[in-house]
Amino acid sequence: MKNVWINATMGEWERKRNRITSAMEAGADVVLADAADIPQIKQLGKIKTACFAGGKDNPDADVFAWKIPELSEKDDEEKERDELKKIKEMKKNGKTVAAYVNIVNKKTELYAATVGKSVDYLIITANDWRIIPLENLIAALERYDVEIIMSVHTNEETETALNILEKGVDGVLIETDDLSEIKEISKTVKTSAHAAESLISATVSTVRQLGMGDRVCIDTCNLMESGEGMLIGSQSAGLFLVHSEMEESPYVASRPFRVNAGAVYSYLKVGDITRYLSELKAGDDVTIIGASGKTRPGIVGRVKIESRPMMLIEAEAEGKLYKVILQNAETVKLVKPDGKSIAVTQLKAGDQVLVKTDDAGRHFGMKVTEKIIEN
């Protein structure tokens, strides 16, 4: 998950508060603030705070940032060693540390790569914004446990930073007072963290009524739109796009926050892993996916498990047969290749529905390459 930081170290408190509030409403993860403002920020809401280390009145912030001085080509290695020693001492004392570096020349860039190997976060700023230094740092620190955070002022800069070397930075530090821009940048970062899924068409071969079984309804803190739902199935190698209950019905009101997800044993795809429907609980993350494959994060608000009549659906794609067991009800729907929904009560052999296939099996939800057969 890529992170959004907001810089709240400039200006009077009212200006800072507006910036922080807008960022928090847009899902920001960390506030970089002055030490004296940390108590007031904590009153605005629960969010991680970072402040620059060194002041004697520093509170117990979540992250301590160390501002690396700009290095000229004449600076000797002793100055570099002194700065690195201070950082390592903070880490030794159990602090979560972020190094804050303004890239002004090649020497500073190389030093930033060295520092990045010893900190939790590397915050990069550049008065003369260039892509090459950032590419070099991403490549140099790829194998190290450090998150690279890029200072940005606009959504355009954000999009560039998130796509450098395909991997992109791990997050951005927003440096603007424009509240609309703060929300736009946050939205760009949060949606970029969820890659699009590749969905294919499967041909329904079997639709069979079953007896009673326990099914799971996932009620989320999010409103879903037409074509959106979740990936669910009996086999991790083949998951069906089950539509939300956002559409009107003659029998029940629209529930755009709900996915009637199927039998308790079923797999649900969440990010890169799968989970059993039976283990979900309030506050868990889920992945909402549209017919185009575009994904976005969701949050479980409530899980309802009830005994209902069930239905087996089998569909074939690329020579393989995939299965899902869903509640036998007109409000439970799959998604067709054109993005429109179809109720399971209307399904028949020959109909086309969207599925997500995967060659790898799963062990505790994670992909594995060992041979796994699921029938």
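Reply: What follows goes through the strands, the aromatic rings, a helix and a threonine.

Me: Before we start, what kind of model is this?
Reply: It is a predicted model.

Me: Fine. In what order do the strands close into a barrel?
Reply: Eight strands close up in the order 1-2-3-4-5-6-7-8. The pairing is parallel.

Me: And what does the twist average from one strand to the next?
Reply: The average is 25°.

Me: Zoom in on strand 4. How many bridges join strand 3 to it?
Reply: Three, and strands 3 and 4 run parallel. Phe52 has Ala65 of strand 4 as its bridge partner.

Me: What about strand 4 and strand 5, how many bridges there?
Reply: Four bridges, again in the parallel sense. Strand 4 covers residues 63-67.

Me: Why is strand 4 described as largely enclosed?
Reply: Because four of its five residues are buried, the rest of the structure largely encloses strand 4.

Me: Switching to rings. How many aromatic pairs does the structure hold?
Reply: Three. One of them is Phe52 with Tyr100, an edge-to-face pair. Their centres are 5.4 Å apart and the planes stand at 80°.

Me: Which parts does that pair tie together?
Reply: Phe52 is in strand 3 (residues 48-52) and Tyr100 is in strand 5, so the pair links parts 48 residues apart in sequence.

Me: Why does the Tyr267 and Tyr276 pair count as stacked?
Reply: The planes of Tyr267 and Tyr276 are at 20° and the ring centres 5.4 Å apart, so the pair is stacked. The cut-off for stacked is planes under 30 degrees apart. Tyr267 is buried, with a relative accessible area of 11%. Tyr276 is partly exposed at 41%.

Me: Back to Phe52. Which residue lies over its face?
Reply: Lys67, at 4.7 Å from the ring centre.

Me: New topic, helix 4. How much of it is buried?
Reply: Helix 4 spans residues 106-116, and eight of its eleven residues are buried. Among them are Lys107, Glu109, Tyr111 and Val115.

Me: Which residue caps the N-terminal end of helix 4?
Reply: Asn105 does. One of its side-chain oxygens sits 3.3 Å from the backbone nitrogen of Lys107.

Me: Last stop, Thr220. Where is it found?
Reply: Thr220 is in strand 9, which runs over residues 200-220.

Me: Buried or exposed?
Reply: Thr220 is buried, because its relative accessibility is 9% and the cut-off is under 20%.

Me: What does its side chain reach?
Reply: The Thr220 side chain reaches the backbone oxygen of Asn222, at 2.9 Å.

How values were computed
Residues are numbered from 1 along each chain as its sequence is written. This is a predicted model: local features need pLDDT of at least 70, side-chain atom pairs count only at pLDDT 80 or more; totals for chains, interfaces and linings use all residues. Side-chain values use heavy atoms; hydrogens and water are left out. Helices (H or I, at least four residues) and strands (E, at least two) are DSSP runs, numbered from the N terminus. Buried means under 20% relative accessible area, exposed over 50%, partly exposed in between (1.4 Å probe, protein chains only). A polar contact is a pair of N or O atoms within 3.5 Å; within protein, one must be able to donate a hydrogen and the other to accept it, and residues adjacent in sequence count only if both atoms are side-chain atoms. Rings of Phe, Tyr and Trp (its six-membered ring) pair if their centres lie within 6.5 Å; planes under 30 degrees apart count as stacked, over 60 as edge-to-face and the rest as tilted. A charge sits over a ring if NZ of Lys or CZ of Arg is within 6 Å of the ring centre and within 35 degrees of the ring normal. Two strands pair if DSSP finds at least two bridges between them. Axes are lines fitted to C-alpha atoms, for helices over the stretch in contact, and angles run from 0 to 180 degrees between N-to-C directions.
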